[in-house]
Amino acid sequence: MNNTNIVSAAQTKFGALTGVTLREIFSEAVDKATIHAGIPKKDIQAAFIGSFIPEMLVHQGHTAPLLLDFAGLKGIPATRHEDACASGATALRAAIMAIESGLYDTVLVAGVEKMTSVSTSKVTEALAAAADDQFESSIGLTFPGVFAIAAVAHMQKYGTTEEDMALVAVKAHKNAATNPLAQFQKEITLEKAMTPRYVAWPLKLFDCSPISDGAAALVLTSNEKAKKYTDLPVKITGTGQASASMNLCDRSDLTSFSASVDASRQAYKMAGLKPKDMDFAVVHDCFTIAEIIASEDIGFFKPGEGAKAVRDGITALDGDKPINPMGGLKAVGHPVGATGVKQAVVIYRELIGDAGPNQVANHDTALMHNFGGTGATCVVNIMRRADL
Amino acid sequence: MSEKPTIEAYLKNIEEGHFKAYKCVDCGMIIAPPSGSCYGCGSSNMKWAEVSGKGKLVSFTVIHVAPDQFAEEAPYYVAIVELAEGTRVSARLLGFDPLKPEQVRLGINLKLDYEKGKSGATYLAFKPA
């Protein structure tokens with residue numbers, strides 16, 4: 001795979017965006033990634049859109065043409081991709097395949113979710129639709145509960161502690177403090193992160209990502225067209241996707257997510273690179289324990305050593321292997337369908353050296369990891385600056 | 001016991017306090033919750049199987065913030081239990097104080113039970129053996 005370039009990337013502010021609707025948030029991200037970046041909308045040949053569950057959150061189905069029409073892209077092929085929290089990354093992967101196949105030169109990838117216009121209990125109900133309704137949600141298992149069960153297994157097997165998880169939250173908030181697009185731009189102390197307000201023991205309030213609105217967008221193009229738009233494209237050199245059982249009880253190991261391991265292996269193999277070649281990563285930290293496990297599943301650390309890496313500052317912005325340098329889902333927010341696209345926006349900005357106070361020191365090659373629901377879908381992409 | 005198992009019947013069995021698993025006709029693997037194909041051999045040829053009701057605690061959580069339909073029951077335990085027959089199920093865990101989860105040890109022996117929820121539904125549950 002050698003023909004897909006990101007030439008533009010943008011996100012809206014994430015958070016409770018009052019006074020704007022789904023299509024307006026979407027349109028803002030699209031404008032930022034196209035006309036504001038000097039890319040005429042008429043150059044876009046197709047659109048791949050990630051959105052999880054607008055049917056329940058804003059009572060709107062068949063969103064792809066609706067969103068494109070409002071954003072001034074009426075007429076082109078438009079498809080929505082739904083894979084829970086991985087919707088954005090599966091949309092991106094479809095776009096990658098469309099360019100690599102030669103079908104299109106230039107396409108739009110966008111993700112959007114508007115979650116704060118309904119009650120928290122309605123959001124909880126909508127999110128629960130991403131777990132197995134008949135066998136797990138029906139006994140009262142929640143999403144935080146799923147990751148709490150993984151946390152308990154990780155704590156038992158490797159000695160990971162509640163404080164280790166809290167340190168992930170502290171790092172996320174520290175990085176997000178200098179990210180003006182983040183939902184929470186405020187550092188928190190370890191003591192605050194440890195406040196015993198349990199959501200699903202042992203996970204507490206500060207172990208959980210928030211409910212958010214937001215959108216993100218990318219323009220992808222072929223090698224031939226890339227230089228027309230920017231002097232510094234970012235190439236996607238490896239991509240992987242895998243699935244796993246929805247049910248936790250159908251998994252033999254609760255301390256690792258097999259879809260993450262499988263998708264990572266595919267992406268590394270395709271890129272011809274190894275974990276040691278990655279300068280940093282953006283991973284799916286829907287809960288703090290998810291970042292610790294993901295850092296192991298993508299091969300940055302051995303199984304059971306993810307927590308130590310956080311304690312030792314290795315994953316900090318100025319560490320040897322920064323993870324989520326702009327604040328992750330935990331502090332930037334998690335508008336579900338937008339997240340996978342936003343992760344690629346973060347990698348693009350870091351790789352081209354446009355991350356301001358959140359710039360990582362080494363920024364040649366990086367990995368993004370986006371997973372859906374209980375970890376039943378995972379997409380991993382490896383990206384590299386095209387000038388290397 | 002001879003009819004082809006269905007998810008509807010599986011859930012009804014739990015509701016009536018008579019849990020049964022699936023069993024692969026071709027390789028004998030015990031499967032629960034239901035799957036359309038055997039994890040061992042891939043066969044989709046299933047029948048019902050009675051289970052011993054013995055299991056071990058694999059992992060658990062205590063749900064404090066629950067969806068509306070379970071809110072009155074919170075805090076409550078949800079566990080992953082490995083049955084003596086080898087398959088794993090998600091179930092409520094009974095017999096422990098939800099405010100003292102530190103006292104629960106992984107690996108302990110459990111036995112099959114049921115819990116009638118305030119919502120009126122009956123949940124698959126386990127309690128210490």
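A residue is termed buried if 20 or more other C-beta atoms lie within 10 Å of its own, exposed if 12 or fewer do, and partly exposed in between, with C-beta atoms placed from the backbone. The views below show a predicted model, in which local features need pLDDT of at least 70, side-chain atom pairs count only at pLDDT 80 or more, and totals for chains, interfaces and linings use all residues. Residues are numbered from 1 along each chain as its sequence is written, and chains are lettered from A and ligands numbered from 1 in the order in which they are written.

**View 1. Asn324(A), a buried residue with positive phi.** Asn324(A) is not a glycine, yet its phi is positive, at about 55°. Asn324(A) counts as buried because 29 C-beta neighbours lie inside 10 Å. The residue belongs to the loop that links helix H12 (306–311) to helix H13 (328–332) of chain A. Helices (H or I, at least four residues) and strands (E, at least two) are DSSP runs, numbered from the N terminus.

**View 2. His59(A), an exposed residue with positive phi.** Although His59(A) is not a glycine, its phi is positive, at about 55°. Its loop runs between helix H2 (54–57) and helix H3 (63–70) of chain A. His59(A) is exposed, as 9 other C-beta atoms are found within 10 Å.

**View 3. The cis peptide bond between Trp201(A) and Pro202(A).** The omega angle of this bond is about 5°. Pro202(A) sits in the loop between strand S5 (198–201) and strand S6 (203–204) of chain A.

**View 4. The cis peptide bond between Ala32(B) and Pro33(B).** Here omega is about -5°. Pro33(B) is part of the loop between strand S2 (30–31) and strand S3 (46–49) of chain B.

**View 5. The fold of chain B, with one helix and eight strands.** From the N terminus on, the order of elements is α-β-β-β-β-β-β-β-β. The radius of gyration of chain B (taken over C-alpha atoms) is 15 Å, close to the 14 Å that the globule rule (2.2 Å times the number of residues to the power 0.38) gives for 129 residues, so chain B is as compact as a globular protein of that length. Along the principal axes, its C-alpha atoms fill a box of roughly 45 × 30 × 20 Å. Of the 129 residues of chain B, 36% count as buried. Among contacts in chain B (C-beta atoms, placed from the backbone, within 7 Å) with a separation of 6 or more, 46% join residues 24 or more positions apart.

Technical notes
Two residues are in contact if their C-beta atoms, placed from the backbone, lie within 7 Å.
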